[in-house]
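I opened my notebook to look up charged pairs and open space in one structure. My entries follow in the order I made them.

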Amino acid sequence: MMLAAKFGKQYCGICLTIAIGLSPATASANTLPNSAIPLFPEAPAAPPTNANSSSDAPYTLGTGDRIKIDIFDVPEYSGEYQVLFDGTLNLPILGSLQVRDLTLQQLTALLSRRYAPYIVEPIITLSLTSTRPIQIAVAGEVNRPGTYTVVLGQGRTFPTLLEALGEAGGTTRSAQLQQVRVRRIYQGREQNFTANLSTLLQNGDISQNLSLRDGDTVIVPTATEVDLNNNLASVETSFSNRDIDPFPVAVVGEVTRPGTHVMEATRASNPPTVTRAIEAAGGIKPLADIRRVRLRRLTKTGEQFFELNLWELLQAGDLRQDAVLQRGDTIVVPQATEQNPAEASLLASATFAPTAIKVNVAGEVVRSGVIELPPNSTLNQALLAAGGINNRGDGGDVALVRLNPDGTVSRREIRIDFEQNINEETNPILRNNDVVIVGKTQLANFSDQVGQLLEPLGRGFSLFTFPFNFLRIFGVN
């Protein structure tokens with residue numbers, strides 16, 4: 001009663017406001033500026049609406065926060081207090097007071113009402129001296145989903161959406177960057193915010209980098225298809241894949257060495273792409289259909305398939321087709337129904353083409369044996385690399401023996417014409433392990449047959465004349 005009388009005489013009838021603010025050490029860390037609010041608000045402020053501009057919600061109190069309470073000219077009721085595990089403060093006279101999920105403004109108003117019976121028109125100032133660690137959950141298409149703890153203070157502000165994605169190892173290549181969601185429970189009510197990180201990448205819209213609060217959940221959904229527009233751009237971002245260990249990918253189909261191949265970790269300057277994986281698999285085979293390369297990817301929601309056109313990469317330089325890979329991807333290179341000779345030279349010079357093929361040239365050539373040729377070399381090139389047809393060889397027809405993909409062996413006779421360009425009839429493109437056989441001319445074949453017939457007579461004549469030759473060594477006539 002004495003206190004009430006004291007403050008009543010001094011401040012009665014004066015319209016007062018209550019200053020709310022942080023201590024200088026934590027003001028920048030928590031972005032809670034000083035403000036003035038009515039002395040006795042009718043009800044707590046309504047939570048923000050579902051809009052990105054409202055994601056910067058005022059800080060709400062929770063277990064572990066430390067608050068400094070200053071009641072003007074009443075030092076015995078002032079002091080520093082910590083929010084207990086059950087969300088309460090133990091205060092002089094008032095006892096246990098539930099403060100969880102209240103803002104500093106709302107708590108100030110509540111304290112003003114509670115102290116009103118004891119202090120006439122109290123002037124109360126609150127400051128947040130230290131904050132509790134903030135816990136944020138990250139789920140969906142990130143490399144390390146889970147819960148992450150952020151300690152504020154010492155100049156650190158509330159964590160942002162991009163910082164949370166970076167803590168979770170970055171987004172996967174299956175992430176739908178246009179619809180990243182933030183789910184928040186604010187003062188008992190659920191809120192949802194959506195961020196378009198593609199807009200942030202393309203236009204620098206920093207408003208999409210939402211400020212997070214304690215208990216927020218970040219959900220990165222799975223894309224229904226590969227976003228080729230952001231395929232390479234997302235590699236160089238702060239929220240890109242941060243997988244630092246080599247990872248396996250499978251390459252099957254029309255490649256030289258199908259199977260599992262280990263790719264290096266993601267690097268912005270040289271990320272692991274489809275063409276690099278095909279190159280690691282020894283390059284494409286001559287019948288590879290690079291227009292319909294399929295990428296099979298395991299996402300958080302199941303298996304997905306995407307089709308890539310590497311011909312557009314070679315022809316028009318469309319880097320979007322060279323998709324960046326992630327752990328567990330499978331690349332399927334299908335077989336083409338036919339080959340366009342006009343495209344063969346361009347395919348042979350591609351980075352994902354094999355460096356060489358091996359062809360066995362046998363028969364009547366200058367240098368028979370296995371020779372190495374550039375990919376997509378022709379029959380004429382193989383014969384010239386073997387030194388050409390010798391004077392015993394038949395310059396008309398040669399045999400081409402090939403092991404087919406289905407395991408069968410085919411043989412066909414081809415009329416040689418060194419003046420012909422690439423064509424399937426007279427100058428076909430060779431494949432790895434093809435065998436080219438150059439036959440003999442009729443005269444050489446007849447000569448060999450006569451030689452085989454006369455060989456026994458030649459041996460007998462040699463036996464008959466051997467004693468006389470032996471005696472001539474010793475000068476016997």
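**Entry 1: a network.** I am working with a predicted model. I looked for charged side chains that join up, and I found Asp65, Arg132 and Asp214 linked in a network of salt bridges. I then took one link in this network. The side chains of Arg132 and Asp214 meet in a salt bridge, at 2.9 Å from N to O. This pair links distant parts of the chain, with the two residues 82 residues apart. I noted where each one sits. Arg132 is in the loop between strand S7 (124-130) and strand S8 (134-140). Asp214 is in the loop between helix H5 (197-203) and strand S12 (217-220).

**Entry 2: buried or exposed?** I checked the accessibility of both partners. Arg132 has 8% relative accessibility, so it counts as buried, because the cut-off for buried is under 20%. Asp214 has 29%, so it counts as partly exposed.

**Entry 3: a second pair.** Next I looked up Arg292 and Asp289. Their side chains meet in a salt bridge, at 2.8 Å from N to O. I asked which side of the cut-off each residue falls on. Asp289 has a relative accessible area of 13%, so it is buried. Arg292 has 38% relative accessibility and counts as partly exposed.

**Entry 4: a pair between strands.** I moved on to Asp397 and Arg415. Their side chains form a salt bridge as well, at 3.0 Å from N to O. Asp397 lies in strand S20 (residues 393-403), and Arg415 lies in strand S21 (residues 409-415). The two are 18 residues apart, and the pair links distant parts of the chain. Asp397 counts as partly exposed, at 27% relative accessibility.

**Entry 5: the total.** How many salt bridges does the structure hold? I looked up the count, and it is 12.

**Entry 6: the largest pocket.** I turned from charges to space. Rolling a probe the size of a water molecule over the atoms shows where empty space is left. The largest pocket holds about 430 Å³ of space. I listed its lining and got 20 residues. Closest to the pocket's centre are Lys285, Pro286, Arg431, Asn432 and Asn433. Which elements give two or more residues to this lining? They are strand S18 (357-363) and S20.

**Entry 7: the lining by class.** I sorted the lining of the largest pocket by residue class. I wrote down 8 nonpolar, 6 polar and 6 charged residues.

Definitions and conventions
Residues are numbered from 1 along each chain as its sequence is written. This is a predicted model: local features need pLDDT of at least 70, side-chain atom pairs count only at pLDDT 80 or more; totals for chains, interfaces and linings use all residues. Side-chain values use heavy atoms; hydrogens and water are left out. A salt bridge is a side-chain nitrogen of Lys or Arg within 4 Å of a carboxyl oxygen of Asp or Glu. Helices (H or I, at least four residues) and strands (E, at least two) are DSSP runs, numbered from the N terminus. Buried means under 20% relative accessible area, exposed over 50%, partly exposed in between (1.4 Å probe, protein chains only). On a 1 Å grid over the protein atoms alone, a cavity is a set of points where a 1.4 Å probe fits but cannot get out, and a pocket is an open set with protein on both sides within 12 Å along at least five of seven lines; lining residues have an atom within 4 Å of a point. Grid points are joined across faces, edges and corners, and a volume is the space filled by probe spheres set on the points. Ala, Val, Leu, Ile, Met, Phe, Trp, Tyr, Cys and Pro count as nonpolar, Asp, Glu, Lys and Arg as charged, and the others, Gly among them, as polar.
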